[in-house]
Amino acid sequence: MTTRLTVAQALVRFLTAQHTERDGERRRLIGATWGIFGHGNVAGIGQALVEYAGVMPYHQGRNEQSMVHAAVGYARQCGRLATHAVTTSIGPGATNLVTGAALATVNHLPVLLLPGDVFATRPADPVLQQLEVPYAGDVSVNDTLRPVSRYFDRITRPEQLIPSALAAMRVLTDPVETGAVTLALPQDVQAEAYDWPEEFFAERVWTVRRPGPDPAELARAAAAVRAARRPLLVAGGGIRHSRAQAALAAFAEATGIPVASTQAGKGALRYDHPRDVGGIGHTGTATADELARTADLVIGVGTRFTDFTTASGTLFQHPDVRFLHLNIAPHDAHKLAALPLVADARTGLEELTGALASYKVDGAYTDEYTAAKERWERRVDACFASADPDARPTQPQVLGALDALVDDSDIVINAAGSLPGDLHKLWRARSRDQYHLEYGYSCMGYEIPAALGVKLAAPEREVWALVGDGTYLMMPTEIVTAVQEGVAIKVLLVQNHGYASIGGLSAAVGGERFGTAYRFRTQEGTYTGAPLPVDLAANAASLGMRVLRAGSVRELRAALAEARAADTPTCVYVETETSDTVSGAPEAQAWWDVPVAASATRTPAVTAREQYERHVSTRRRHL
């Protein structure tokens, strides 16, 4: 039996029949399709989405990159068991996908990209928006997606779709390989009809594996833990992807080993769990970083050990420190010359807990990190507190006002600027998925579209996009989509008149905050005077969002409560106190390597270079 359909119709119908399964939970893999139409997809995928509108939901985006962010937010909230597809026209519509694809792949989050492509049959050559490559006739702008995709194919014949679509689903559902998957679709091939075997459209269930550890690796791992006197566990995003939070809690409670967290792993334990010691690395807490400096065994679970986590190789300073990496990806499990334990995070933690039996850290070690955690929590309280409720809030006080309002069901989303550092140090994560930080790619503009995706995945929960002015100016357009579809996200828009994070970094490395403030420019190229007369609150309102302005701590608390209760997309706008005399979040507790000019005449750069060389001298190669 065969059915005659166009390539685009066959692909959409195929996608509606794909499912995932893990631990008895079954989900449809592609929950919806985002699209912006132009030549290259309007007559192919566009028509197919009309044809199958009853079974394939459609969301209208305003920017191709942000559509990918929305799909990624949805995928993360669904535990990588479901995602969205994204379709674009050829040319700039397709190349706008590149940043979103890189973000998905860096973070190991599945998304299906369906960019239009130039004619395969070349009836006219070149066509509108076609990139001509004199040395290669088979290259188009979509080839820019190859290095940021985990799987890429160009469908130049109808029958080619069958093996390619199956390969795409395999990669999307592979816990090691998953990321952006791209099927480039020439516009003439999309509209071409073909007789498809009915088996192609049969329902398929793709099992998301939970591989267990090799027995020999498990025995070596248990022996390493038993020999440790000051072990520290570093929880990464793999714990969330595996839904291993309960297994982690059981391991920590059985062994007494303290748990620090990366940005992706924060929330793996609740903030008030006795074993949780907060964020680790450059943006971490003093508690976690001091434990890291003296740890003799570092147990990484589901982490890639990026430079922020390792303080660019300067954090783990015990002379005999060793590493044990539990990771589903062998590539990550062997980092830092670690003893590898290649397995799913939940399965691996459960088996390692069993293998350790009666092991428990010394009581003095437990007392030490418990007291250090209590001291840090007092610092957090001081950052959140406001002596004058009628004063303009600092950024930590903004977070404190939100912290006082939310419960376990709220989700906070952020990605870039100064907020990730403050959140990693200060935020009190109350549930396994409340803390949603995209810090693998740290992409400005991620927050608002990601909030859309998260809210679509969890419509019963309150979803907050925490956005600085720099990030807001990058990509506010999906506010229109939220308004159009009635997706009641909450945007907390923090105005500090510039790039606060990079401004501080610029000052630290001798850049003198050049080009980081939103202020009037003088003829000499410096920035001085009053902030620019830019009203971001008015901008958000002009896009259809309800906006609540807050000029003080007291007004902020009231506005946040009103926004949380709203059933429409709502923005809380607050201008923060940025004076150097006003206390903010605690400074960085560990270093981060940003090279400083090796020769300079200006004093700030000379001083910064001296400090840089002192830090570099402490770097270690763990071999």
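A salt bridge is taken here as a side-chain nitrogen of Lys or Arg within 4 Å of a carboxyl oxygen of Asp or Glu, and by this rule the count comes to 35 salt bridges. The model is predicted, so that local features need pLDDT of at least 70 and side-chain atom pairs count only at pLDDT 80 or more, while totals for chains, interfaces and linings use all residues. Residues are numbered from 1 along each chain as its sequence is written, and side-chain values use heavy atoms, with hydrogens and water left out.

**View 1. Glu-368 and Arg-230 form a salt bridge.** The closest N and O atoms of Glu-368 and Arg-230 are 2.7 Å apart. This pair links distant parts of the chain, 138 residues apart, with Glu-368 in helix H15 (residues 363-384) and Arg-230 in the loop between helix H8 (215-227) and strand E12 (231-235). Helices (H or I, at least four residues) and strands (E, at least two) are DSSP runs, numbered from the N terminus. Glu-368 counts as partly exposed at 37% relative accessibility, and Arg-230 counts as partly exposed at 21%; buried means under 20% relative accessible area, exposed over 50%, and partly exposed in between (1.4 Å probe, protein chains only).

**View 2. Arg-270 and Asp-408 meet in a salt bridge through their side chains.** The N to O distance is 3.2 Å, and the pair links distant parts of the chain, 138 residues apart: Arg-270 is in the loop between strand E13 (259-261) and strand E14 (276-279), and Asp-408 is in the loop between H16 and strand E18 (411-414). Arg-270 is partly exposed, at 30% relative accessibility, as is Asp-408, at 40%.

**View 3. The side chains of Glu-512 and Arg-602 are joined by a salt bridge.** Here the N to O distance is 2.5 Å, and the pair links parts of the chain 90 residues apart, with Glu-512 in the loop between helix H21 (500-508) and strand E22 (519-521) and Arg-602 in the loop between strand E25 (570-575) and helix H24 (603-616). Glu-512 counts as partly exposed at 36% relative accessibility, whereas Arg-602 is exposed, with a relative accessible area of 52%. Elsewhere, salt bridges that share partners join Asp-23, Arg-210, Asp-344, Arg-346 and Glu-350 into one network.

**View 4. Helix H3 comprises residues 64-77.** At 1.5 Å a residue, the 14 residues of H3 should span 20 Å, and the end C-alpha atoms of the helix are 20 Å apart, which agrees; the expected span is 1.5 Å times one less than the number of residues. Because 14 of the 14 residues of H3 are buried, the helix is largely enclosed by the rest of the structure. Just after H3, Gly-79 takes a positive phi of about 65 degrees.

**View 5. Gln-397 lies in helix H16 (residues 395-403).** Gln-397 is buried, with a relative accessible area of 13%. When neighbours within four places in sequence are left aside, Gln-397 is in contact (heavy atoms within 4.5 Å) with Cys-383, Phe-384, Ala-385, Ser-386, Arg-392, Val-553 and Leu-556.
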